[in-house]
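Open the model in your viewer and keep the selection panel at hand. The tour moves from the whole assembly to single pairs of residues.

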2 protein chains.
Amino acid sequence: MNQNIENGKQNVASEPSLYLFPVPLSDGHLSNVLPEYNIRLIKDIRYFIVENVRSARRFLKKCCHDINIDGLTFFTLNRQTPVAEIPAMLQPMAQGHSIGVISEAGCPAIADPGADVVALAQKKHYNVVPLVGPSSILMSLMGSGFNGQSFAFNGYLPIEKSARAQKLRDLERRSMREDQTQIFIETPYRNNRLIADIIDTLSPQTLLCVASDITGASQSIKTLSVREWSKTNFNYDKTPAIFLICHA
Amino acid sequence: MNQNIENGKQNVASEPSLYLFPVPLSDGHLSNVLPEYNIRLIKDIRYFIVENVRSARRFLKKCCHDINIDGLTFFTLNRQTPVAEIPAMLQPMAQGHSIGVISEAGCPAIADPGADVVALAQKKHYNVVPLVGPSSILMSLMGSGFNGQSFAFNGYLPIEKSARAQKLRDLERRSMREDQTQIFIETPYRNNRLIADIIDTLSPQTLLCVASDITGASQSIKTLSVREWSKTNFNYDKTPAIFLICHA
């Protein structure tokens, strides 16, 4: 139980916890996208499991300018980390210390490493505490106007042309049959190609929302039919973007 | 484009926008779960589309103690609102005013009304700006240790016993075949019944996460196998909870 979320107290919960800290998706003040509570909490933590040490240090310095980074312990957890290395990362909890999990951007364990370490913490019955922060999945869904009572996030689509077209058609069919919004992402330099593939593959009536640079200076969330998209001069090249489809 | 999210400025974007304001899920300081930016922004807004006027007023007073509530205009949007009434709610935007959307708890348009008004705003090419805040769907997924690369939120399950068992089996099958975490909710007074149904219906190896009172004083996020759940004395009666399943 996390008793101290209840009020604005600065102390960390007495029971050691695995805190999941979201990280901003774009530049700008932390106070735009993170509750003050997260910043107060992170200052008392000495052990961190991070996707990338450099960006985690940068984030911590932004949270607390006078932080003593050299007094902190970092474990790296990314796609290359062998699963066998994860138990040692949770060792500090056995000694009564809380640990913070920090991914490169967005929410730890969502479309991100991190889930393995949370799963192990759950197995050991440790206290796990997710914190509030920006999620492009959730914010794009809110802004799309699509069904938020039923939705699925599907990660990346296949790259190979026919497999991708098949997957797009599957998602369109599911959005129609189940009235379930379908969400997916793409590597930024392939965004325009993906939109072109959607135009080539899906029904002209199907609605496509493209949300780009969420929380950033050039944020844009735009819902149009596939037919309307085909008539625009879209350009999302190298911009972080997320895609949602919904039946008309 | 929302130029002013970039920095900590207090002014509202020059272009009128439909701002989607998340609301806390539990009592406690706003600074625990909302970025300061949301509070600065909401103070400059005069028009609100709200799920419930009483709770919206309470939230606004919490954001700003000296707010002049009587100077604000509220439109009610809930499950009973006829779709034909929605266009008039967006009228202030045509006159250059921003509008705030506030649901009872959590994120507008996610498992909540609000999506219809966002859809209309998108049709009219208005600027839509979702803001950061607590989501029990996302936070429970982060804390579950389940796959966050692919997941689906399914809303409420059928109440009728055999339809519910069928739906549970469908979700378990999908979680297995597609490695997709399946998330659903229940009316709080039926939580214990739902867990009992899951124990009766799903494979003993399937993992079930129950997340209750997210961000509240008694927050608990617990992942166990269905077999392990069957041996615990669980009691989530009348506690807001969310349920996630994942293949073992």
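Below, each stop gives a selection and then what is there.

**Before you start**

This is a predicted model: local features need pLDDT of at least 70, side-chain atom pairs count only at pLDDT 80 or more, and totals for chains, interfaces and linings use all residues. Residues are numbered from 1 along each chain as its sequence is written, while chains are lettered from A and ligands numbered from 1 in the order in which they are written.

**Stop 1: both chains**

Select chain A and chain B. The same surface serves both: 100% of the contact residues of chain A recur in chain B. Contact here means that the C-beta atoms of two residues, placed from the backbone, lie within 7 Å.

**Stop 2: the interface**

How many residues does each chain give to the contact? Chain A gives 57 residues and chain B gives 57 residues. Now colour these elements of chain A: α1 (36–42), α5 (115–123), β5 (127–130), α6 (136–144), β6 (151–156) and β9 (220–225). Each supplies at least two residues of the side that touches chain B. Helices (H or I, at least four residues) and strands (E, at least two) are DSSP runs, numbered from the N terminus.

Ala, Val, Leu, Ile, Met, Phe, Trp, Tyr, Cys and Pro count as nonpolar; Asp, Glu, Lys and Arg count as charged; the others, Gly among them, count as polar.

**Stop 3: strands across the interface**

Select β6 (residues 151–156) in chain B together with β6(A). The two strands run antiparallel and are joined by three bridges. Two strands pair if DSSP finds at least two bridges between them. Pick A:Phe151; its bridge partner in β6(B) is B:Phe153.

**Stop 4: the sheet of chain A**

Show the five strands in the order β3-β2-β4-β1-β5 of chain A. They make an open sheet with parallel pairing. Which strands stand at the edges? They are β3 (73–76) and β5 of chain A, each with a single partner strand, so one side of each is left without a neighbour in the sheet. From one strand to the next, the twist averages 20°.

Zoom in on β2 (residues 47–50) and β3(A): four bridges pair them in the parallel sense. A:Val50 has A:Thr76 as its bridge partner in β3(A).

Axes are lines fitted to C-alpha atoms, for helices over the stretch in contact, and angles run from 0 to 180 degrees between N-to-C directions.

α6 (residues 136–144) of chain B lies across β1 and β5 of chain A, at about 145° to β5(A).

**Stop 5: the sheet of chain B**

Switch to chain B. Its open sheet also has the order β3-β2-β4-β1-β5, with parallel pairing. Select β1 (residues 17–21) and β4 (residues 99–102) of chain B; four bridges join these parallel strands. B:Phe21 is bridged to B:Ile102 in β4(B). Across β1 and β5 of chain B lies α6(A), running at about 145° to β5(B).

**Stop 6: a helix pair in chain A**

Select α7 (residues 161–177) and α8 (residues 191–201) of chain A. Their axes come within 10 Å and cross at roughly 65°. That makes α7(A) roughly perpendicular to α8(A), a label given to angles of 65 to 115 degrees. Show side chains for A:Arg164, A:Ala165, A:Leu168 and A:Arg169 of α7(A), then for A:Asp197, A:Ile198 and A:Thr201 of α8(A). These residues make the contact. They divide into three nonpolar, one polar and three charged.

**Last stop: the helix pair in chain B**

Select α7 (residues 161–177) and α8 (residues 191–201) of chain B, whose axes come within 10 Å and cross at roughly 65°. Among the contact residues are B:Arg164 of α7(B) and B:Asp197 of α8(B).

Notes. Parallel < 35°, antiparallel > 145°, perpendicular 65-115°, else oblique.
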